Amino acid sequence: EMGRAQVMQAQAAGMEPSVDMNPILLKPVNDTGSQVIVHGEVVGNMSAREYFEYKKNLVPVIRESYDRLAAENDIIVIEGAGSPAEINLNQNDIVNMGMAKMASAPVLLVGDIDRGGVFAQLTGTVMLLGEEERAMVKGLIINKFRGDKSILDPGIQMLEDKCSIPVVGTVPYLNLALDDEDSLTERFSEEKYEKADGNDSRTACVDIAVIRLPRISNFTDFNVLEALNGVRLRYVSSVDKLGHPDMIILPGTKNTMGDLKWLRQCGLEAAVKKASSEGTVIFGICDALGNYVKALGTSVLPNELFSALPYLLASKGSVVGVISIAGYSALPARTGYSSSKYAVRGFLDTLRIEHLKDGLNVLVFAPGYTASNVRNAALTADGTPQGKTPLEEGKLMSAEECALHLAKALQKRRSQKILTFLGKATVWAHRLFPNLTDRLTYGYIAREADSPFK
């Protein structure tokens, strides 16, 4: 697992992304803690204080990554994180000037003029650096400049005089459709959408509201919607800004329980439920669908499906519900997970019978365990990511093989497909010997390392 920015930069350089380009990744799970990922593997969740003490142990990891990249490339561009002048964090710094010292790298300091105060940004940063660090800064760059550069030149001269460092470039503002880093994006600005030509509520044919969760993840998945003519996509963090959109998107989150609590406290929970009851399409991304539906009591799936149903019936198409064996035989200590699978299966079975004569194919697909890193982010009882997987991923079915089975089942217009031998045996055992299967299931869960039955 890598940060989106590093993957995009590697692709821009025509290179295959490697975890060495992002050896340490922090994914916030709450306001004071993050999930720590080293070389693409989850280490665990740490508070800010715990990570501050732990990060010095990561220096050898960073050196290993740098040495591997240096052996294969003539030029390495190292991007810092935050500011090099965060003086409260200078001790054991591994991402800014600390990394530059490890690599004996010359430093370019970049200021964003589009955010305002660029001269104060650059001058203040340079002044707060130590003498040794200041000597490493070989040039200043002003980024995202709009307008006549000659008007900027007097300020550049004063900046060079105060810092004794040359301004080596002024980069013009370019309107590029690039993915943003979660914490730095300007896409969440309500003012941006009010001013967007052809993209406001007066001219848009479709109005889509994305709930702006405090710990939103993977929001760049929605960028494609922004590019569509006639579509207004906006991020909403309060009830008074919700209005009456055609669709509400519940995005993924790095902290499901914390953001569910926020939804309830700010009143958006009630607003989303009301919109759903009035027929607004509610679309859940990632784990949002199951978790929010259970918490909000919103019939998300029927609303979406019924909107598409006329087209599916006209084309004699298919509806697929991907569940798990937990939708056939309940898993103890997985109450919410198992009940959601039962609910989806019940809904799809009912839908199949209702349209038995209409040519609509309804497939319930239970793939079983599939090789994936999703279990690294599975939630524990307190809503934080699990951070490890108890399964041997290398022995599980690949996602590609799973997709092939799904495609074949659709081609044959199957109503049910259970992939693994264990899954099939569990379903039949539950039908024939329900009491015995319950005892065997209990014993299986009890043997897990962190089982609640111990």
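Trainee: Which residues of the largest nonpolar core touch the most other members?

Mentor: In this predicted model, the residues of the 25-member core with the most contacts to other members are Ile211, Phe222, Tyr235, Leu242, Ile248 and Leu263. Strand 7 (206-211), strand 9 (231-236), strand 10 (247-250), helix 10 (256-266) and helix 11 (268-277) each supply at least two residues of this core, where helices (H or I, at least four residues) and strands (E, at least two) are DSSP runs numbered from the N terminus. Residues are numbered from 1 along each chain as its sequence is written, and side-chain values use heavy atoms, with hydrogens and water left out. Because the model is predicted, local features need pLDDT of at least 70 and side-chain atom pairs count only at pLDDT 80 or more, whereas totals for chains, interfaces and linings use all residues.

Trainee: What makes such a set of residues a nonpolar core?

Mentor: The term is kept for buried Ala, Val, Leu, Ile, Met, Phe, Trp, Tyr and Cys residues that are joined through side-chain atoms within 4.5 Å. Another core, of 19 residues, lies apart from the largest one and has Val126, Leu140, Leu159 and Cys163 among its members.

Trainee: Why is Asp112 called buried, and which class does Lys144 fall into?

Mentor: Buried means under 20% relative accessible area, exposed over 50%, and partly exposed in between (1.4 Å probe, protein chains only). Asp112 has 14% relative accessibility and therefore counts as buried, while Lys144, at 27%, counts as partly exposed.

Trainee: What makes the contact between Asp112 and Lys144 a salt bridge?

Mentor: A salt bridge requires a side-chain nitrogen of Lys or Arg within 4 Å of a carboxyl oxygen of Asp or Glu, and the N to O distance for Asp112 and Lys144 is 3.7 Å, so the pair qualifies. The two residues are 32 apart and link distant parts of the chain, with Asp112 in strand 4 (residues 107-112) and Lys144 in strand 5 (residues 137-145). The structure holds 15 salt bridges.

Trainee: What makes up the nonpolar surface patch, and how much area does it have?

Mentor: Trp428, Leu432, Phe433, Leu436 and Leu440 make a patch of about 570 Å². Patch residues have over 30% relative accessible area and no salt bridge, with like charges joined within 9 Å and nonpolar side chains (Val, Leu, Ile, Met, Phe, Trp, Tyr) within 5 Å. Leu436, in helix 17, has a relative accessible area of 41% and is therefore partly exposed.

Notes. Accessible areas come from the Shrake-Rupley method with a 1.4 Å probe; for residues, only the protein chains shown count as cover.
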